[in-house]
Amino acid sequence: MDFIGILSNEFQIAPQLVENILRLIDEGNTIPFIARYRKEQTGSCNDQVLRALSERLEYLRGLQKRKEEITASITEQDKLTPELAAEIDAAQTLARLEDIYRPYKQKRRTRAFIARERGLEPLAQLLLAQEQKSGSLEALAEPYVNAEKEIATVEDALAGACDILAEQISDDAQGRLLLREYYHKNALLRSAALKQAQSVYSPFYDYTEPVSKMPSHRILAINRGEKEDFLKVSIEVDAGYATGLLNGLFVKKGSITTPAVQQAVADAYKRLIHPSMEREMRTTLTEMANEQAIKNFGVNLKALLMQPPIKGKTVLAIDPAYRTGCKIAVVDPTGKLLDTAVVYPTPPQSKVAQAKARLTALIRKHKVQVLAIGNGTASKESEIFAAELIRELDCGLSYMMVNEAGASVYSASKLGAAEFPEFDVSLRSAVSIARRLQDPLAELVKIEPKSVGVGQYQHDMPQKQLDETLTGVVESCVNHVGVDLNTASAPLLGYVAGLSATVAKNIVRYREENGAFTSRAQLKKVPKLGPKAFEQCAGFLRIPRAENLLDNTGVHPESYPAAKALLAQFGYTLQDVAQNRLEQLPQQIQAQGSGQVAQACGVGLPTLWDIVRELQKPGRDLRDELPPPMLRSDILELKDLKTDMELQGTVRNVIDFGAFVDIGVHQDGLVHISQISSRYIRHPSELLQVGDIVTVWVLSVDVPKRRISLSMRPPEERNHA
């Protein structure tokens, strides 16, 4: 199989570049490393394209392996013909390949299998040939009546022969291809109630929709309703038309055996083909829906992880609760825990005055600048309490509601216990909430990606596929941003290209035993961190106070000579880099000719410009260029909301049918996809991502059900429409 040609055509990438990418992957290089440091060999393909190409390569290699297995199996049966070999070689999908192999598979003891054992195969082929123009079926079947073989009558013989024909028709690759195309274009999915109890699945109690138009969220909702025994689901097509397609392949007119073949076709379709196609169609729909949901989850997770950090601020976190009290944690700008407390401003204790006094003391003692409030149980009361405290103190404090999804997972984990063995689970959650505000990426990598609360139906997804995709997203984010080698936790380091969980722990242990790293070269002393791992990881690790300033940039150690040559060529030093004196460097390179400069430095053009960007902003954090998170100092109540009220909000989750936006009333509002823009969009992610600050208008509020409907389209635009 020509992998290079296929991938080049599908991804529209030059064959030579595809060949380079396959070689780099097969040599054990990681996707982040290839994307960042091998741009000349990949044509500057980004990591998403490289991951997609790698996954497609894996599929094609699996397809090739299966072709070899099937060819070997059919050869062993001595049934491989040149035509069949060509058909196997031409198969482009596993489904098509399995259709071709179907007639040659080892069969269970089906009705047809038993009929063949009884010697009825010749009669079946005689019927299928449809060459008899006169006589009777009984006369054809009479020679096959054999009491010893349990064929007592001609009817038994004909029934057995028809069973063989039905299975043969069902196994026919061409027939299955025709029907698969027909089903994909024309099939309907129907769902009906299994029980009449009111439920979230009520809209699907008598529901029909063409499968070709079903959105992924509806497929997943119906699947869950079926799994929970609320729905019965079926696939429906015009059985007469489908049978007609098969008749066109197998039925010849004018023979006395034609009615028997027609009967076999009808039986094959009803008993074998339709149930098989129905299962296949349901599987295809579910796989498509899973793929879309996982992709959507990945987009949301990336946006969440890439939220700008709130740097240089001391944070007081409140993990809300009722009976057990609100857990308080104060952390310094580096995430170090300074203080903890438990206060009881919420019912049933409602010790508001004592809680205000305790928090005021902590705020003044540690010069707290921001409050982080978890959005779980009792968060509304805690938010009201915090807003009152901020008004009374009048010292420039602000607060932000923090999504605490997964915080309990972290606090109860071995990692949480290892970080804070002296604290109980709830106090660890408070620390996690504070750190999430300071640096979402560094904190959220400690939690299983599927537990961070930005997907839909994640627990229904194939977990292996979900984990692989989300791990890839986290890996991409971590390597895109870079990691401080001297402060990063082992879980964060574990996502750096080339570092396993074991090596990440070894780095932390080495740091604890030998003090802070002062150079990237010291990584070579870490146990089990060999030359290949160093090559993969070094460029993504930063050392802010390194002896060599380049160790705090994205310049890879292999390019240090090139970076120094570039500086020397234009009369700069590393001191100039440290003092941000390279504003004119791009213009100087252009004036001299970028190709000539790159050649003189011994690198390609993409690497040259990457080096320039890093030298101009050493130690930069790409997230700092994004709009900062929205902090609040006062609170709105649900009852305060009025139709057409204009508000600022933060996008918390983007799903297939819209986006949920936090507008500061403890209950996220839904912006339906139709209210995101006046122009048509296929998916909300075209215009929105998690963390976006958006202007919204209130459409309606259902206070008893706590539902808020929002629009991103101004009232005048909606009214005009």
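A salt bridge is taken here as a side-chain nitrogen of Lys or Arg within 4 Å of a carboxyl oxygen of Asp or Glu. By that criterion the side chains of Arg581 and Asp576 meet in a salt bridge, with 3.0 Å from N to O.

The model is a predicted one, in which local features need pLDDT of at least 70 and side-chain atom pairs count only at pLDDT 80 or more, whereas totals for chains, interfaces and linings use all residues. Residues are numbered from 1 along each chain as its sequence is written, and side-chain values use heavy atoms, with hydrogens and water left out.

**Overall layout**

The secondary structure of the chain comes to 31 helices and 15 strands, where helices (H or I, at least four residues) and strands (E, at least two) are DSSP runs numbered from the N terminus. Along its principal axes the C-alpha trace spans about 105 × 70 × 55 Å. Of the 721 residues in the chain, 49% are buried; buried means under 20% relative accessible area, exposed means over 50%, and partly exposed lies in between, with a 1.4 Å probe and protein chains only. Among the contacts in the chain with a separation of 6 or more, 65% join residues 24 or more positions apart, a contact being heavy atoms within 4.5 Å.

**Salt bridges**

Side chains of opposite charge can pair when their charged atoms come close. A search of the whole structure finds 41 salt bridges, and three of them are set out below.

| Pair | N to O distance |
|---|---|
| Glu209 and Arg218 | 2.9 Å |
| Arg581 and Asp576 | 3.0 Å |
| Asp662 and Arg652 | 3.2 Å |

The surroundings of these pairs can be described residue by residue. Arg581 is partly exposed, with a relative accessible area of 41%, and Asp576 counts as buried at 12%. Asp662 forms its salt bridge with Arg652, and because Asp662 lies in strand E12 (residues 658–662) and Arg652 in strand E11 (residues 646–655), the pair ties together parts that are ten residues apart in sequence. Both Asp662 and Arg652 are buried. Elsewhere, Arg36, Lys39, Asp610, Arg613 and Glu614 are linked in a network of salt bridges.

Two strands are said to pair if DSSP finds at least two bridges between them. Strand E4 (residues 315–319) pairs with E7 in the parallel sense over four bridges, and in this pairing Ala317 stands opposite Ala372 in E7. Strand E8 (residues 398–402) also pairs with E7 in the parallel sense, over five bridges, with Ser398 in E8 as the bridge partner of Val370. Together E7, helix H17 (residues 379–393) and E8 make a right-handed β-α-β unit; a crossover is right-handed if, with the strands pointing away from the viewer, the path from the first strand over the helix to the second runs clockwise.

**Nonpolar cores**

A nonpolar core is a set of buried Ala, Val, Leu, Ile, Met, Phe, Trp, Tyr and Cys residues joined through side-chain atoms within 4.5 Å. The largest such core has 125 residues, of which Leu127, Tyr183, Val478, Leu493, Ile507, Leu523 and Leu529 touch the most other members. Helix H15 (residues 258–305) supplies the largest share of this core, 18 residues. Leaving aside residues up to four places away in sequence, Ile507 touches Leu485, Leu493, Leu499, Phe517, Leu523, Val526 and Leu529. A second, separate core of 23 residues includes Ala355, Leu362, Val368 and Leu389.

Asn552 is placed in the loop between strand E10 (541–542) and helix H26 (560–569), and at 14% relative accessibility Asn552 counts as buried. Not counting residues up to four places away in sequence, Asn552 touches Arg542, Ile543, Pro544, Pro618 and Gly619.
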